[in-house]
Amino acid sequence: MFKSLSQLASAHRNGENAGITSVCSAHPLVIRAALRRGKQHGQIVLIEATCNQVNQYGGYTGMTPVDFVVFVEAIAREEGFDRNRLIFGGDHLGPNPWRKLSADEAMAKAVTMVIDYVQAGFTKIHLDASMGCAGEPAALDDEVTAQRAAQLAKAAEQAAQNSGFALPNYIIGTEVPVPGGADHELTEVTPTSSEAARYTIAVHRARFASEGLQDAFDRVIGIVVQPGVEFGNENVVEYRPDRAIMLTKLLDSEPQFIFEAHSTDYQTVQSLSALVRDGFPILKVGPGLTFALREALYGLDLIASELDPSYGERPLAHAMERLMLEKPDHWASHYHGAKGALHVQRHYSYSDRIRYYWSEPEAVAAVNTLMAALRGRDIPETLLRQFLPALNVKPADRNNPEAILIAAIDRVLADYSAACGW
């Protein structure tokens, strides 16, 4: 079994079924579930943060890169997880959070962010400068993207050398599904063409060389492409290996690289396994994990309503509805339709934009009330079958709602572990 991300390409060339789950979430229960599984099975655990989620201004989580590392490491200590098997990744690191500014202003902030990530201990860096800033096209060409990626890489290299941290591994490329999933029903998604992927590699290789960054380019381990997977609010487009054959053959002539697959949420274990086999050994998942968490929370909300008359009628679900209506910024531009359709999407969409609200004080209080109502109370098997039928809850965990939530998340992680050959 591989011990570092830099070994993924050679493992693929040797026909080994070796991959890794990229856990893209800041929810403490998701991180705890990933670390617990990693400890149990001796896995390396890769936890990633995005530029919007974590940056020098706190992002939407309120955490800087150092804060995020401290946060995850605290959970790792509680779980007894070996820090040496924990990898931190930074996703879409570039000017995206500041696109309304001029390119020079946005890139200056992006450089600071990348430096902060590296100095905080992030060793997997996705360089993503593909988006236009004020006065520029929405999507930039490969030449400009590569020039800005090299600017970010130069800052990252210097930061690592100055701080004494290991030099990072890099991911390039930006042809990914819509962040958080599409907002409409999809029937199919076209994979990246092999020509486009080859050109992206060539332009980045040339730009890095011209900037004296050959050593950094030697540590570019992967490229983000579109394998043909996606999820919308109500449906999932499954991976079809036959449609990505020409793309995956590119790796035969570029042995340095593997592909990184974004938005693999809700794929079957068979599809995930096929992605790893075809050269996509880094499988990114985020909303699929918090979707499973929300399913379990709402199931327990119903169970508590049945068991304890004083608990009320689904108070957690009602609290989340009030919260999302009071603060619609995270969902209003993504969900569409009549009043009833919007209600369903707010709570049950595959894009799971409800995940942005779990750290709000009202949500934390509602979840704590639910946990208090069920902690130490033995939940009858019949109620678990009624409201959480997909979970096989151990008898010893029926009075432990936190264990039930982690089991729900782990059920998803188990498919990724199986696909990755753990």
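The model is predicted, so local features need pLDDT of at least 70 and side-chain atom pairs count only at pLDDT 80 or more, while totals for chains, interfaces and linings use all residues. Residues are numbered from 1 along each chain as its sequence is written, and side-chain values use heavy atoms, with hydrogens and water left out. Helices (H or I, at least four residues) and strands (E, at least two) are DSSP runs, numbered from the N terminus.

**Helices α2 and α3**

- The axes of helix α2 (residues 28–41) and helix α3 (residues 65–79) come within 10 Å and cross at roughly 45°. Axes are lines fitted to C-alpha atoms, for helices over the stretch in contact, and angles run from 0 to 180 degrees between N-to-C directions.
- This angle makes α2 oblique to α3 (angles under 35 degrees count as roughly parallel, over 145 as roughly antiparallel, 65 to 115 as roughly perpendicular and the rest as oblique).
- The crossing of α2 and α3 is right-handed: a crossing is right-handed if the near helix is turned clockwise from the far one by less than a right angle, and left-handed if anticlockwise.
- On α2, the contact is made by P28, I31, R32, L35, R36 and K39, and on α3 by F71, V72, I75, A76, E78 and E79. Contact means heavy atoms within 4.5 Å.
- The residues of this contact divide into 7 nonpolar, no polar and 5 charged. Ala, Val, Leu, Ile, Met, Phe, Trp, Tyr, Cys and Pro count as nonpolar, Asp, Glu, Lys and Arg as charged, and the others, Gly among them, as polar.

**Helix α8 and its cover**

- In helix α8 (residues 245–253), L247, T248, L250 and L251 are buried (buried means under 20% relative accessible area, exposed over 50%, partly exposed in between, with a 1.4 Å probe and protein chains only).
- Seen down the axis of α8, the buried residues fall within an arc of 130°, so they line one face of the helix. The arc is that of the directions from the helix axis to the C-beta atoms.
- M246 and D252, on the other side of α8, are exposed.
- The cover over the buried residues of α8 includes α1 (8–13), α6 (194–210) and β9 (258–261).
- The axes of α6 and α8 come within 8 Å and cross at roughly 35°.
- S194, A197, R198 and I201 of α6 meet M246, L247, L250 and S253 of α8 in this contact, which has 5 nonpolar, 2 polar and 1 charged residues.

**Two threonines**

- T174 is found in the loop between β5 (169–172) and α6, and at 25% relative accessibility T174 counts as partly exposed.
- Leaving aside its neighbours within four places in sequence, T174 is in contact with D128, S130 and V224.
- The C-alpha atoms of T174 and Y335 are separated by 24 Å, and the two residues are 161 residues apart along the chain.
- T200 is found in helix α6 and is buried, with a relative accessible area of 12%.
- With neighbours within four places in sequence left aside, T200 is in contact with D142, G173 and I223.

- H92 lies in strand β3 (residues 86–93). Phi of H92 is near 55°, a positive value in a residue other than glycine, and H92 counts as buried at 17% relative accessibility.
- S263 is in the loop between β9 and α9 (269–277). S263 has a positive phi of about 55° although it is not a glycine, and at 11% relative accessibility S263 counts as buried.
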